[in-house]
Amino acid sequence: MLYLLGTETGSAAGRQEANGRQRYSGEGFLALKLIFTYVKKYKWMVAGIILLKIAATFLELLLPYVLEHLIDDVAPAENLPQVFLWGGAMLALAVLIRFLNIWGNRSAVRVSKDAAYEIRRDLFRRSVNLSGSQMDCRP
């Protein structure tokens, strides 16, 4: 596949070293380089998704502190409206965290779907335009 998309690759198996271990041929880096060329146009979306997931994680880490405050400070004071207020804040925080995580996951799926579509499209275009001699030889 990498050959069809215009990148040169080594052997898929790598090379055998004298001590019997397999030496990495670097083909994985070429694949990542190819993928990053397609994902480059989505870099702002990817950055936004990362920030969204970091924000959701940060908010998720606040939940135990809100619960601690509710149990240690608000509940012993026996102030029922404050208990409901902090309980509602916990519920709202949980709903917000769920929304942010779902939004981030759906955005990540959309970016990966679009990039995979472009890779498949370009691979198909290049493979359809191969000549007969190119089809008969092995890279």
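Is aspartate 114 buried, exposed or partly exposed? Aspartate 114 counts as partly exposed, because its relative accessibility is 25%. Here, buried means under 20% relative accessible area, exposed means over 50%, and partly exposed lies in between (1.4 Å probe, protein chains only).

## About the model

This is a predicted model, in which local features need pLDDT of at least 70, side-chain atom pairs count only at pLDDT 80 or more, and totals for chains, interfaces and linings use all residues. Residues are numbered from 1 along each chain as its sequence is written, and side-chain values use heavy atoms, leaving out hydrogens and water.

## The nonpolar cores

Let us begin with the inside. In soluble globular proteins, nonpolar side chains tend to be buried together. The largest nonpolar core here has seven residues: Leu52, Ala56, Leu59, Val66, Leu93, Ile97 and Leu100. Such a core is a set of buried Ala, Val, Leu, Ile, Met, Phe, Trp, Tyr and Cys residues joined through side-chain atoms within 4.5 Å. Helix H2 (43-74) and helix H3 (80-128) each give two or more residues to this core, and the largest share, four residues, comes from H2. Helices are DSSP runs (H or I, at least four residues), numbered from the N terminus.

Take leucine 59 as an example: leaving aside residues up to four places away in sequence, leucine 59 touches Leu93, Leu96, Ile97 and Leu100. Contact means heavy atoms within 4.5 Å. There is also a second, separate core of five residues, and Val39, Tyr42, Val111 and Ala115 are among them.

## Salt bridges

Side chains of opposite charge can pair when their charged atoms come close. A salt bridge is counted when a side-chain nitrogen of Lys or Arg is within 4 Å of a carboxyl oxygen of Asp or Glu, and this rule gives three salt bridges. One of them joins lysine 41 and glutamate 118, at 2.9 Å from N to O. Lysine 41 lies in the loop between H1 and H2 and glutamate 118 in helix H3, so this pair ties together parts that are 77 residues apart in sequence. Lysine 41 is exposed, with a relative accessible area of 58%, whereas glutamate 118 is buried at 9%.

Our opening residue, aspartate 114, pairs with lysine 113, and their closest N and O atoms are 3.4 Å apart. Arginine 121 and aspartate 122 also meet in a salt bridge, at 3.3 Å from N to O. Arginine 121 is partly exposed at 29% relative accessibility, while aspartate 122 is buried at 19%.

## Lysine 53 and its neighbours

Lysine 53 lies in helix H2 and is partly exposed, with a relative accessible area of 26%. Not counting residues up to four places away in sequence, lysine 53 touches Asn101, Gly104 and Asn105. The C-alpha atoms of lysine 53 and glycine 104 are 6.2 Å apart in space, although the two residues are 51 residues apart in sequence.

The side chains of lysine 53 and asparagine 101 make a polar contact at 3.2 Å. A polar contact is a pair of N or O atoms within 3.5 Å; within protein, one must be able to donate a hydrogen and the other to accept it, and residues adjacent in sequence count only if both atoms are side-chain atoms.

## On the surface

Now for the outside. Phenylalanine 29 is found in helix H1 (residues 27-39) and counts as exposed because its relative accessibility is 57%.
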